[in-house]
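Thanks for asking me to look over this structure with you.

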Amino acid sequence: MEEAPPSCELVCDNKCNESQNERDGEITGLDVQNGLHEGKKEFVAPAVGMEFESYEDAYNYYNCYAKEVGFRVRVKNSWFKRNSREKYGAVLCCSSQGFKRIKDVNRLRKETRTGCPAMIRMRVVDSKRWRVLEVTLEHNHLLGTKIYKPIKKMGTGIKRKSQSSSDAEVQTVKLYRALVIDAGGNDKSNTSAREVRSFLDHPNQLNLKKGDSQAIYNYLCRMQLTNPNFFYLMDFNDEGHLKNVFWVDARSRAACGYFSDVVYIDNSYLSNKYETPLVAIVGINHHGFTVLLGCGLLAGETVESYAWLFKAWLTCVSGHSPQTIVTDGCKALQTAIAEVFPRSHHCFGLSHIMKKVPEKLGGLRNYDAIRKTLFKAVYETLKVIEFEAAWGFMVQRFGITDHEWLRSLYEDRARWAPVYLKDKFFAGMSAARPSENVSPFFERYVHKQTPLKEFLDKYELALQKKHKEETLADIESRNSSPPLRTRCPFELQLSKVYTREIFKKSQFEVEEMYSCFSTTQLHVDGPIVIFLVKERVLCEGNRREIRDYEVLYNRTAGEVRCICSCFNFYGYLCRHALCVLNFNGVEEIPSKYILSRWKKDYKRMYIPDQGCNTVDGVDRVQWFNQLYRSALQVVEEGVISLDHYNVALQAFEESLNRVHEVEEKQV
């Protein structure tokens, strides 16, 4: 909700500042305890962890900083306690934040809003101070010179108000930085501004609230008692404070053996400054659902913290690196992945990049046309030369060659643009089509204000729900036959092997074969033939457009590769490749194109390779892990039906009796 600002004006009279300077001899800036000279009116840029004695102090500080930089401030949101109406949280933003409302579009007033992301979010903490929890410094528009708006004519009341505002501006504003494992542990209010910046760049411990460290300890102890194959590691700094934590429960650990070929590093909670500094390692299971492969709490977004997390996870999965790793493009992540997983393909999530388009480009002239051209270059080009030409046309046509964000995107294009990633396997994690995205694993369970103690409770609920969804999907896939919609033999073949969710996706490709109206030979080189498949594609405005797709077919090897690379992006053949197979009289899709990871009985048939080909005669930990994985497979099968349950339970009882017999013989 919008709120009127406090007594401090958003603009300042230059004369007020001059008279204040003459009267006091100097203008007081930040407090001496923060390491800045009082004689300089220089405000440190906002940073997460700054604390103020009151809301007014925080507002005055951000307002003065804004004038130094060259923008105006407004209050975007405020939160009040229900009974006392006492304010406990607020978001201050750049006045160019947001966009004009639809009903105001036709007004003659000049549009000044550009969707600017610059803001600070703060709230009252246990110390009764106002702490900055989130900061965005970047603006997407030009900044003016220092904003001092002269007021030519003022009445007595207005002049008094301006004077009090000036006094508020130049008063001492105390900044604090909480550098403690628990609130109240080690107050470091004498930390200098330089030390604050150093800590923010290189955080050395988890910023935990009172009771959080005990909650973590209790959780890990409880899980070890109730979850036998639970794995965790803790990282402490030189002072003995908790720095990073990693854990993985038994089911997630078992899932690592099946679904760690493609992983997504979900650091959205950490990068967006959530109360819980969570990083989740996520995979895709045989139903196409996200599955948790490990969790961590990190001190900050540093190479050191990320590298520690990855090494901990690598220990858990016996040193097996993923084939493909998808991230949001964080530079620290990029460096850590290169260090720990040098053989893995590291790519940036396309959906993360495209979500930033309004924020990064919204302030440009011809934004709608730029956005449309960019989307066509990303999603509709099939060859590198086409993408390069489309990108070059865009930046030249709209005069945005020097746009910093676009330039950095272009430099990293080999990590995110679909035309450069066709030889990488993504198992559906690529989001290579418009409207596709990878959602955070704990999306419905964690929000910005969720305390760590509450998250640890919700963690188990989230995993229970995800496991229930997978179990129900297993039962449905095995016990029911999906309805067929065509007479194509490919559809019948796929319905017998794929899980229900994956079959629906591949079934759609079979149906869309009928939108491909022409399959012709372009080039023949011995057994290798290149075909051209024409398809009518539904475009914007419900109009149809004809597009050409080249498909390579090797008659001898039974290989088929389409230029759209659907198989590598999603793990099943596209309509164009199926048309070529059909054209050549092939009635069954070659087995190499029916991936085991999508099959109904994948977990039953596939025994994960965890690097334990030989049994160590003395390593009891290895024995435990192998027995646990084998028992878990029986459990997974035992919940399919009551008959399965009875057989599994009987097998366990018989096995236990036989183990007891061995023990009795040794006595």
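**Notes on the model**

1. Let's begin with Asn267: apart from neighbours within four places in sequence, Asn267 is in contact with Leu278, Val279, Glu301, Tyr306, Asp328, Cys330 and Leu333. Here, contact means heavy atoms within 4.5 Å. You will find Asn267 in the loop between β9 (262-266) and α7. Helices (H or I, at least four residues) and strands (E, at least two) are DSSP runs, numbered from the N terminus. With a relative accessibility of 1%, Asn267 counts as buried. Buried means under 20% relative accessible area, exposed over 50%, and partly exposed in between (1.4 Å probe, protein chains only).

2. A word on where this comes from: the model is predicted, so local features need pLDDT of at least 70 and side-chain atom pairs count only at pLDDT 80 or more, while totals for chains, interfaces and linings use all residues. Residues are numbered from 1 along each chain as its sequence is written, and side-chain values use heavy atoms, with hydrogens and water left out.

3. Now the overall picture. The chain has 22 helices and 17 strands, and 49% of its 667 residues are buried. Among contacts with a separation of 6 or more, 63% are between residues 24 or more positions apart. The accessible surface is about 34,600 Å², with 51% of it belonging to carbon and sulfur atoms; these areas come from the Shrake-Rupley method with a 1.4 Å probe, and for residues only the protein chains shown count as cover.

4. Next, look at Ser271 in helix α7 (residues 268-271). Is Ser271 buried or partly exposed? Its relative accessible area is 22%, so Ser271 is partly exposed. Ser271 and Cys330 are 59 residues apart in sequence, and their C-alpha atoms are 8.9 Å apart in space.

5. Helix α9 (residues 331-340) has Ala332, Leu333, Gln334, Ala336, Ile337 and Val340 buried. What do the buried residues of α9 pack against? They pack against β9, α8 (303-316), β12 (324-327) and β13 (345-348).

6. Lys273 is not a glycine, yet it has a positive phi of about 60 degrees; Lys273 sits in the loop between α7 and β10 (278-284) and is partly exposed at 31% relative accessibility. Ala427 also has a positive phi, near 55 degrees. Ala427 lies in the loop between α14 (404-411) and α15 (452-479), and at 2% relative accessibility Ala427 counts as buried.

7. The structure holds 34 aromatic pairs. Rings of Phe, Tyr and Trp (its six-membered ring) pair if their centres lie within 6.5 Å; planes under 30 degrees apart count as stacked, over 60 as edge-to-face and the rest as tilted. The ring centres of Tyr258 and Tyr602 are 5.8 Å apart and the planes meet at 65 degrees, so this pair is edge-to-face. The pair links distant parts of the chain, with Tyr258 in helix α6 (residues 250-259) and Tyr602 in helix α20 (residues 602-605), 344 residues apart. Both Tyr258 and Tyr602 are buried.

8. Gly571 belongs to the loop between α18 and α19. Its relative accessible area is 0%, so Gly571 is buried. Leaving aside neighbours within four places in sequence, Gly571 is in contact with Phe425, Tyr498, Cys566, Leu595 and Trp598. On a 1 Å grid over the protein atoms alone, a cavity is a set of points where a 1.4 Å probe fits but cannot get out; lining residues have an atom within 4 Å of a point. Grid points are joined across faces, edges and corners, and a volume is the space filled by probe spheres set on the points. The whole structure has five cavities of 30 Å³ or more, and the largest cavity has a volume of about 70 Å³. Of the 13 residues that line the largest cavity, Phe348, Trp416, Leu421, Phe426 and Ser430 lie nearest its centre. This lining has 11 nonpolar, two polar and no charged residues. Ala, Val, Leu, Ile, Met, Phe, Trp, Tyr, Cys and Pro count as nonpolar, Asp, Glu, Lys and Arg as charged, and the others, Gly among them, as polar.

Conventions:
On a 1 Å grid over the protein atoms alone, a cavity is a set of points where a 1.4 Å probe fits but cannot get out, and a pocket is an open set with protein on both sides within 12 Å along at least five of seven lines; lining residues have an atom within 4 Å of a point.
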